[in-house]
Amino acid sequence: MKLSRKSVLLGTAAFALMATQAMAEKRTLKYYADFDPAPLAAFEAAIAEFEAANPDIDVVLQNFDHEGYKTAIRNFLSADSPDLANWYAGNRMAPFVNAGQFMDITDVWTENNLGETLASAKGSMTIDGKQWGVPYTYYQWGIYYNKDAYKQAGVEVPTTWAQFIDNCAKFKEAGIDCVTTGTKALWPGAGIFDYMNLRTNGYDFHMDLTAGKVAWTDDKVKNTFAEWAKLVEPGYVTANHAALDWQDAASLLIQGKAANYVMGNFAVAVFKDGGMTNDTLGFMQFPEITPGLARGEEAPTDTIHIPSGAKNVDDAKKFLAFIATADVQTKLNEALGQLPINNQSKVGDDPFLQAGFEMLSTADGGIAQFFDRDAPAEMAKVGMEGFQEFMVKPENVDKILERLEKARQRIYK
Amino acid sequence: MTGSATTAIAGTRTQRPGIWKRNQRALAPWLFLAPGIAMFALYVIYPIVASMWLSFYDWDGLGAKTWLGLENYVELFDDDAFYTSLYNNIIWLVLYMLAVPAGLFVALFLNQTVTGIRIYKSLFFFPFVISQVVVGLIFSWFYAPNFGLFYNLIEWLTGTGVAVLADDRYVTYGIIAAGLWPQIAYCMILYLTGLNNVAPDQIEAARLDGAKGWKMLWHIILPQLRPATFIAVVVTVIGALRSFDLVSIMTDGGPYGSSRVLSFYMFEQALSEYGFRMGYGAAIAVILFAIMMVFISGFIWKMVRDERGL
């Protein structure tokens, strides 16, 4: 009996030794992500490059469906943690940071001087003075418009809100929806709200509002909705938007049935798939509402984090430092069709990217992440429902704001 | 020591039979039931109790739980979204019941011997076979503004189209209509099997006595279909209360939450992308359970009564 136990022990030891030897040859780095096909290809190329530079590391990428990932991450972070995981900047990562499920990687930032090169995203990666992930891409939001629709209605591209609204009246006469959106999934409506509020009250107020420091029944918020009502009440927004997906609304813009679409830059691919070209598709920044405000813009940032349960932390940090370099971000974002965070990276030739880069780098107000990333998840849900209701029934504005205020008092306790 | 034990047992054996022998009749049923009871306790009773317990806490599924007492319920009874869901559940319960008479009607219609009747029967049964997700998708395209068949039909008839799923007045009815499609098929199949067992001699006798049409159906056929009706009502009530997939597929509870039902609201609060209020979700689940309990106890009471032949 004693003898056999000893031999079993010996056997295990030998096996463990063999296993560590095998691992010494190639260490695995488990990476969970939620890429769409195009970004996935770009990342696979970047990973191949990383593996070529570090032949002893084997990066195993497990790709999830985009929506499914948002639920899956909560399970795998606590149950079967990878070494790297995709997520988002800003308040969206706060629950995981506060629950101690993301690792503090301030050392990666200081050792690689990321505070300098990734300066524009440092604020949104920082909680409690520490950095919790590395951003690799962002993209601008703004107004995409159909140039043919502008010609058909005989109007010029506006620079102020008053001009924009005047145009809307002419679009309506021509039978074109001035602004289109599809709020079935709620978030496209939040893009409009964010810009309405950023332009009416400025970046700082918008951040205070999403951080729960200001009441939703505040007069300034009411002003935002009053400006927004100028768009909604005369029926300048596509009817039935609550039953449309954002792609359905995109096809209205492509067909010239709608003139403007407040959207993120990822929509350009959809517009071009639908047959639009650089000659028919235009981009403008959201027009000025309150004159003289510092201009804030919206640019959601995608990030990679190390979960606290990671087994191969050293290599994970190496990978993050690699992803943060200017060269890698240039290549990644060329393929992604988005903007690199690293300020030494080059931006692709695409005119929409160039316009976005120009717009974001001159934004003196600040860069917001998007309503559902700046506000906590629960507030985002209630808020976006309110925005959707407002765009269907603008007369309910007081009821909606009271409901949001009630939610704020509960959520930000 | 061993010796004394054997003598002790030997001593008792002469006087009284062993514990097992004495209680065999009482213990055996419990032993046979034990696996079932263990499973039922683990997978049904424990989750119910755990949900009730959880409904007194504030918990995001990750961090520490905080005891709230009845606060979740207090908030729930002051929550407009809860009342919208409850109201929608009632509409579901009432309108979903239409599946029972409709299923009966289709079954009576199909209960004849014509060439190819099996094909017609399977065609009518088809909607129940396909997944609810597919049913939901088909109906959302049917209602879709601009290109949906229903939308275009209404536009052609009245001049302005109605986007059913974007209008808080119609959205719940639109989803229920989608739900009725497979549910009618289900009730139909229950009645078809029931109709097979209707005693031909009674029909013959009734016919000799001059019963026809409506009278025949009401006094002769329907009483014999009572077991089928009972099952049809039970599955329809349960189906109405647990309606979730269609709401999730067709509207995601929208527009602005007006098509939520309790089960969907529970999911939204506890498990969806913007939720993770486990305690609050559990509180909704408890309310839904209480409502279901009313019906379930009613059904069980009736079943027990029938079994005793009362």
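A charge sits over a ring if NZ of Lys or CZ of Arg is within 6 Å of the ring centre and within 35 degrees of the ring normal. Keep that rule in mind for the opening stop. The model on your screen is predicted.

**Charges over rings**

Select B:Lys302 and B:Phe230. B:Lys302 lies over the face of B:Phe230, and the distance to the ring centre is 5.1 Å.

Next, select B:Arg277 and B:Tyr280. Here the charged end of B:Arg277 sits over the ring of B:Tyr280, 4.2 Å from the centre of that ring. B:Arg277 belongs to the loop between H14 and helix H15 (278–307) of chain B. Is B:Arg277 buried or exposed? B:Arg277 counts as buried because its relative accessible area is 9%, and buried means under 20%.

From B:Arg277, go to B:Val44. The two residues are 233 residues apart in sequence, and their C-alpha atoms are 22 Å apart in space. B:Val44 is part of helix H2 (residues 19–54) of chain B, and with 31% relative accessibility it is partly exposed.

**Aromatic rings**

Over all chains, the structure holds 68 aromatic pairs. For one of them, select B:Phe77 and B:Phe82, an edge-to-face pair with 5.8 Å from centre to centre and 85° between the planes. B:Phe77 is partly exposed at 45% relative accessible area, whereas B:Phe82 is buried at 1%.

Then move to chain A and select A:Tyr32, A:Phe64, A:Tyr69, A:Phe76, A:Trp87, A:Tyr88, A:Phe96 and A:Phe102. These residues form one aromatic cluster.

**Two loop residues with positive phi**

Most residues other than glycine have a negative phi. Select A:Asn113, whose phi is positive, near 60°. A:Asn113 lies in the loop between helix H5 (106–111) and helix H6 (114–117) of chain A, and is partly exposed at 44% relative accessible area.

In chain B, select B:Asp252. Its phi is also positive, near 60°. The loop that holds B:Asp252 runs between helix H13 (245–250) and helix H14 (262–270) of chain B, and the residue is partly exposed at 41%.

**Salt bridges**

Side chains of opposite charge can pair when their charged atoms come close.

- Select A:Arg408 and A:Glu405: their salt bridge has an N to O distance of 2.9 Å. Both lie in helix H20 (residues 397–411) of chain A, 3 residues apart, which is about one turn of the helix. A:Arg408 is buried at 14% relative accessible area, and A:Glu405 is buried at 10%.
- Select B:Arg260 and B:Glu268: the closest N and O atoms of this salt bridge are 2.5 Å apart. Both residues are buried.
- Select A:Asp208 and A:Lys213: the closest N and O atoms of their salt bridge are 3.9 Å apart. A:Asp208 is partly exposed at 28%, while A:Lys213 is exposed at 64%.
- Select A:Arg27, A:Asp56, A:Asp315 and A:Lys318: a network of salt bridges links them.

**Last stop: a covered helix**

Select residues 377–392 of chain A, which make up helix H19. This helix has 16 residues and reaches 23 Å from its first C-alpha to its last, close to the expected 22 Å. H19 of chain A is mostly covered, with 13 of its 16 residues buried.

Note on methods: Residues are numbered from 1 along each chain as its sequence is written. Chains are lettered from A and ligands numbered from 1 in the order in which they are written. This is a predicted model: local features need pLDDT of at least 70, side-chain atom pairs count only at pLDDT 80 or more; totals for chains, interfaces and linings use all residues. Side-chain values use heavy atoms; hydrogens and water are left out. Rings of Phe, Tyr and Trp (its six-membered ring) pair if their centres lie within 6.5 Å; planes under 30 degrees apart count as stacked, over 60 as edge-to-face and the rest as tilted. Buried means under 20% relative accessible area, exposed over 50%, partly exposed in between (1.4 Å probe, protein chains only). Helices (H or I, at least four residues) and strands (E, at least two) are DSSP runs, numbered from the N terminus. The expected span of a helix is 1.5 Å times one less than its number of residues. A salt bridge is a side-chain nitrogen of Lys or Arg within 4 Å of a carboxyl oxygen of Asp or Glu.
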